[in-house]
Amino acid sequence: MKLHVKDPSRKGDNNDTMAQILMKMKPSLSGYVKFLVYSKVVYDALEKIVMNADYSSYAELRNTGLERSGALANDLEWFKEVMGIQIPSPTTSGISYASYLEEIAVKNPKAIFCHFYNIYFGLATGGRMVGKRVQASEKILENKELEFYKWNNGEISELLQNAREKLNKVTESWTREEKDQCLEETEISFKYSEDIMKLIIS
């Protein structure tokens, strides 16, 4: 089952995604740190859900090697200790998405699979492009390669393929209605992710 549809975050006649739009703009260091903080809130929530929830199929989403919460914690510690940056507390954007994930995991557990796909696979594509753009912008990261964009458990293409196979295994027994309900979460996922990504240029 394909767990995403055409990216609803594409804007304008040039059909650019939000990631592509951000690539053309100048990021700020403070905005980028906020982006990492808010992203960590979302990854914390999602990874906690799949590890602790009673829904048995979530076992397929555990220990995929795609997990980012620990990497983000290390990166934020680096910004604090090496760059001397005060790490801000998250406010609306990150908390709203995390709260939504926690709510939907109870009301409609299958919907989490759509968010899992869009969050992790989105980072591996457009997210990495944005990370490179930030690093290249006036060397604001002092040539530091953040752990957020490194996967130490194997090649990212292999990790994604393994995760895709697990997702397909779970969803192959779903009804058409269940699949459609899951896919309806795509636009919601993109909207929340877009709000967080915009912080990079704030």
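Since the model is predicted, local features need pLDDT of at least 70 and side-chain atom pairs count only at pLDDT 80 or more, while totals for chains, interfaces and linings use all residues. Residues are numbered from 1 along each chain as its sequence is written, and side-chain values use heavy atoms, with hydrogens and water left out.

## Helix H6

Helices here are DSSP runs (H or I, at least four residues), numbered from the N terminus. Let's begin with H6, which takes in residues 156–171. The expected span of a helix is 1.5 Å times one less than its number of residues. For the 16 residues of H6 that gives 22 Å, and the end C-alpha atoms are 22 Å apart, so the two agree.

Which residues of H6 are buried? They are Ile 156, Leu 159, Leu 160, Ala 163, Leu 167, Val 170 and Thr 171. They cover an arc of only 95° around the axis, which puts them on the same side of H6. That arc is taken from the directions from the helix axis to the C-beta atoms. "Buried" means under 20% relative accessible area, "exposed" over 50%, and "partly exposed" in between (1.4 Å probe, protein chains only). An α-helix has 3.6 residues a turn, so residues three or four places apart point the same way.

What covers the buried residues of H6? The cover includes helix H5 (111–136) and helix H7 (176–183), where contact means heavy atoms within 4.5 Å. On the face turned away from the buried side, H6 carries the exposed residues Ser 157 and Lys 169.

## Aromatic pairs

Rings of Phe, Tyr and Trp (its six-membered ring) pair if their centres lie within 6.5 Å; planes under 30 degrees apart count as stacked, over 60 as edge-to-face and the rest as tilted. That rule gives 14 aromatic pairs. In one of them, Tyr 43 and Tyr 120 have ring centres 5.4 Å apart and planes at 65°, so this pair is edge-to-face. Tyr 43 sits in helix H2 (residues 29–52) and Tyr 120 in helix H5, so the pair ties together parts that are 77 residues apart in sequence. Both Tyr 43 and Tyr 120 are buried.

Tyr 58 and Phe 113 make a tilted pair, with 5.7 Å from centre to centre and 50° between the planes. This pair also links distant parts of the chain: Tyr 58 is in the loop between H2 and helix H3 (69–81), and Phe 113 is in helix H5, 55 residues apart. Tyr 58 is buried at a relative accessible area of 0%, and Phe 113 is buried with 0%.

There is an aromatic cluster too, made up of Tyr 32, Phe 35, Tyr 43, Phe 116, Tyr 120, Phe 148 and Tyr 149.

A salt bridge is a side-chain nitrogen of Lys or Arg within 4 Å of a carboxyl oxygen of Asp or Glu. The whole structure has 7 salt bridges, including these:

| Pair | N to O |
|---|---|
| Lys 40 and Asp 44 | 2.8 Å |
| Lys 107 and Glu 103 | 2.8 Å |
| Glu 178 and Lys 110 | 3.5 Å |

Glu 178 is partly exposed at 25% relative accessibility.

Lys 40 and Asp 44 both belong to helix H2, 4 residues apart, about one turn of the helix. Lys 107 and Glu 103 have that 4-residue spacing in helix H4 (residues 92–107). Lys 107 is exposed at 62% relative accessibility, whereas Glu 103 is partly exposed at 39%. Asp 44 is partly exposed at 29%.

Ser 69 belongs to helix H3 and is buried at 14% relative accessibility. Leaving aside residues up to four places away in sequence, Ser 69 touches Lys 40, Tyr 43, Asp 44 and Glu 47.

## Cysteines

How many disulfides does the whole structure hold? The search finds 0, with a disulfide taken as a pair of cysteine sulfur atoms within 2.5 Å. For Cys 114, the closest cysteine sulfur is in Cys 182, 4.6 Å away and too far for a bond. Cys 114 is buried at 0% relative accessible area, and Cys 182 is buried at 1%.

Notes: Helices (H or I, at least four residues) and strands (E, at least two) are DSSP runs, numbered from the N terminus.
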